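Dear colleague,

I am passing on the structure below, followed by an account of what was found in it. Please read the account with the model open beside you.

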Amino acid sequence: MNVPFLPTLSTFFIVLSAILVAIGWKLILLRKIDAHKKTMIAAAVAAVLFFIIYASRTIFVGNTAFGGPENIKVYYTAFLIFHIALSTTGAVMGIMTINWGLKDKLDKHRKIGPITGIVWFFTAITGVAVYLLLYVFYEGGETTSMIKAILGI
């Protein structure tokens, strides 16, 4: 099995962010507010590192097409669209949740925080599933960079 470095690294960071969110959730239940804050900021940093790696790879190297059997490609595509919608929602909710926590708008933070955590867990799980389908269970398809696609180079 030959897994590519950057997708593996970016997947590591999204899983790390979900693990840190789980730890942060436990810490707030234990009323360890300072540790919760630090852990959730670390989770956000891990998520941002994921995004930087993912966006850079998408722009400069490209995205890998699904290389699995044609008869399941439509299911993979539907799953991928679900994952993209979920991750976008989770990212927006995460920014809102962190912002409200840092600005001491704790009523809003407490209300949205658990929902954000659940969305983020599903984002990480579906992200790992996409990674496995693209690089582990099946050999990846063609990879073309956004720059090449746009400029026709």
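Predicted model: local features only at pLDDT ≥ 70, side-chain atom pairs only at ≥ 80, totals over all residues.

Residues are numbered from 1 along each chain as its sequence is written, and side-chain values use heavy atoms, with hydrogens and water left out.

H4 has 31 residues and reaches 42 Å from its first C-alpha to its last, close to the 45 Å expected at 1.5 Å a residue (the expected span being 1.5 Å times one less than the number of residues). The chain as a whole comes to five helices and two strands, where helices (H or I, at least four residues) and strands (E, at least two) are DSSP runs numbered from the N terminus. Along the sequence these follow the pattern α-α-β-α-α-β-α.

Helix H1 (residues 5-29) packs against H4 (residues 106-136) at an angle of about 155°, with the axes 10 Å apart; axes are lines fitted to C-alpha atoms, for helices over the stretch in contact, and angles run from 0 to 180 degrees between N-to-C directions. That makes H1 roughly antiparallel to H4, a term for angles over 145 degrees. Their crossing is left-handed, in that the near helix is turned anticlockwise from the far one by less than a right angle. The contact (heavy atoms within 4.5 Å) involves residues including Trp25 of H1 and Phe121 of H4. The residues of this contact divide into 15 nonpolar, four polar and no charged, where Ala, Val, Leu, Ile, Met, Phe, Trp, Tyr, Cys and Pro count as nonpolar, Asp, Glu, Lys and Arg as charged, and the others, Gly among them, as polar.

Helix H3 (residues 70-102) also packs with H4, at about 150° and with the axes 7 Å apart, which makes H3 roughly antiparallel to H4. H3 passes H4 in a left-handed crossing, and the residues of that contact divide into 19 nonpolar, 12 polar and one charged.

Finally, H1 and helix H2 (residues 33-60) pack at about 165°, with their axes 8 Å apart.

Technical notes:
Parallel < 35°, antiparallel > 145°, perpendicular 65-115°, else oblique.
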